[in-house]
Amino acid sequence: FKKTFIASWFLGFGWFSFGLYWIGSAFFVVDTYHIYLLPLSVIILPSILAIFWALAFFLARLFTPKTKSPILLIIINLSLTEYCRAHIFTGFPWLMPSMSLASNEYILQTLSYVGSFSGNLVVLTLSILPIILFSHLPNKKLIFSLLFIPIFILFSMSFIRLNNKELLNKNESQILVLVQPNIKQEDKWDLKKRKGHIQKLIKLSVEKEYHYKNKHKIIIWPETSFEGSIPNELKLLSNISKKIIKNKNTTLIVGLLSVENSKLFNSLVFLNSDGKIDYKYNKNHLVPFGEYIPFRNYFKTMAHYLSPRDFASGSPKENVKIKGFGDIITLICYEILFSNEISKRMSGNTKLIINITNDAWFGKTIGPHQHLALAKIRAVESGLPLVRVANTGISAFISPYGDEIVKIPLYKEGVRYTNLVPPLEQTLYKKLGEYIFLVFIFFIFFINHFNVVSFQKEEL
């Protein structure tokens, strides 16, 4: 048991340390004492996450008789612990095995049928098929077939789905404008440079205005677009919107901080042609240690050393409805990781997901690319088009099939105009949710039970 726990912990540590090394880049952005915490972030976080994997292997070995193979129970437990990792302690579903399915546009379609948690089972099952085939399990060919055939059918359906995808008719009267200013993170909060940052954002926003007059348009700025907060910047926001918005069919979305009743929020606002706020969204799902320090009251000295103040979590509210665009789900940065953040807010009238973010913290690493992959997964699962706009990162408009319709690369300043495409009527995952995951778990439990019974008969 000890050897199993240690070996599987190192497996998990390798997975998470190589996959999440980019988090350490954030400590180089600002030249402060926080850089001394870098080793803690790149070692402690993977060490904690690896415990989930170690427990999966340990419990599989614990509940399997010594003479029998725990291989099937391992993938069941790993899938269940990944589900737990995505939910407990506010959740951290980054770098789940199913994320690898986003690396190919064909296999990405599997997630429209089964979702990310069942996708974990698919990836893990594929990884053990060679082991089963070359093992000494009784009825190994039958077990191999029972596992392989459903995955083969799923992949075949995914290939057919993409090859026969609906032609998404672009609505010429619905325009999305993605504005990526590419402002360095160390410069963003410099008050001396603020005016230049705002001027850059305005210039990009009106660059091709003459091509799109009198059309329904949403101009999107990234998370915390510039230094400042509301209500202090209400007059400035009004002036900005009047410079950019030329007709009543245009809306400007701005990400910035806000203060309400002495609480600090990471927010976005929808501005109309009169310079007034039509809708305000405060981020609900905050980043532990990034936006708040867990258990601050119990470790006040250490917490204050890390950050003098926490962000507050916003209250759930109805989706915004924009004339010409319909019902829209708004998400800020980290919230795109969570399928349930979308499913609980999705209705039959939802037409679009808007996700603003800022990946400048993570430099030219794999982090921003992983963030984009997660956005693609959410679009495919929900069957909704998704637009993500970053300060820098990878801004993109993603179709319900995961296609990048337009894109602004990492560390590039730019603006992209695109027509809105319609959502899909339905996806299997959207309809059934995690019931599919439960069915998959019970199916492999059944095969595992069959395997154990076969062993017992062989021994007799």
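**Before you start**

This is a predicted model: local features need pLDDT of at least 70, side-chain atom pairs count only at pLDDT 80 or more, and totals for chains, interfaces and linings use all residues. Residues are numbered from 1 along each chain as its sequence is written, and side-chain values use heavy atoms, with hydrogens and water left out.

**Stop 1: the cores**

Select Leu20, Leu72, Trp94, Leu176 and Val387. These have the most contacts inside the largest nonpolar core, which holds 86 residues. A nonpolar core here is a set of buried Ala, Val, Leu, Ile, Met, Phe, Trp, Tyr and Cys residues joined through side-chain atoms within 4.5 Å. Buried means under 20% relative accessible area, exposed means over 50%, and partly exposed lies in between (1.4 Å probe, protein chains only). Helix α4 gives the most to this core, with 7 residues.

Which residues does Leu20 touch, leaving out those up to four places away in sequence? They are Leu45, Leu49, Phe92, Trp94 and Leu95. Contact means heavy atoms within 4.5 Å.

Now select Leu204, Tyr212, Ile244 and Val415. They are among the 23 residues of another core, which lies apart from the one holding 86. In soluble globular proteins, nonpolar side chains tend to be buried together.

**Stop 2: strand β2**

Select residues 216-220. This is strand β2, and 5 of its 5 residues are buried, so the strand is largely enclosed by the rest of the structure. Helices (H or I, at least four residues) and strands (E, at least two) are DSSP runs, numbered from the N terminus. Look at both faces of β2. His216, Ile218 and Ile220 are buried on one side, Lys217 and Ile219 on the other.

Two strands pair if DSSP finds at least two bridges between them. Val177 stands opposite Ile219. β2 and β4 pair in the parallel sense over 4 bridges, and Ile218 stands opposite Thr251.

**Stop 3: an open sheet**

Show strands β7 to β12. They form an open sheet of 6 strands in the order β7-β8-β9-β10-β11-β12, with mixed pairing. Which strands stand at the edges? β7 (320-322) and β12 (404-408) do; each has a single partner strand, so one side of each is left without a neighbour in the sheet. The twist averages 20 degrees from one strand to the next.

Zoom to β8 (residues 326-332) and β9 (residues 350-357). They run parallel, joined by 6 bridges. Ile332 stands opposite Ile356 in β9.

Next, select residues 367-382. This is helix α12, lying across β9, β10 (386-390), β11 (395-398) and β12, and running at about 160 degrees to β10. Axes are lines fitted to C-alpha atoms, for helices over the stretch in contact; angles run from 0 to 180 degrees between N-to-C directions.

**Stop 4: Asn391**

Select Asn391, in the loop between β10 and β11. Is Asn391 buried or exposed? It is buried, with a relative accessible area of 1%. Not counting residues up to four places away in sequence, its contacts include Gln180, Asn182, Lys188, Pro222 and Thr357.

**Stop 5: rings**

The structure holds 17 aromatic pairs. Rings of Phe, Tyr and Trp (its six-membered ring) pair if their centres lie within 6.5 Å; planes under 30 degrees apart count as stacked, over 60 as edge-to-face and the rest as tilted.

Select Tyr83 and Phe437. Their ring centres are 5.8 Å apart and their planes at 20 degrees, so the pair is stacked. Tyr83 lies in helix α4 (residues 71-85) and Phe437 in helix α14 (residues 435-459), so the pair ties together parts that are 354 residues apart in sequence. Tyr83 is partly exposed, at 30% relative accessible area, whereas Phe437 is buried, at 4%.

Move to Tyr106 and Phe159. Their centres are 4.7 Å apart and their planes at 15 degrees, so this pair is stacked.

Then show Phe1, Phe5 and Phe58, which form one aromatic cluster.

Last, find two lysines. Lys317 lies over the face of Tyr279, at 4.6 Å from the ring centre. Lys364 lies over the face of Tyr411, at 5.4 Å. A charge sits over a ring if NZ of Lys or CZ of Arg is within 6 Å of the ring centre and within 35 degrees of the ring normal.
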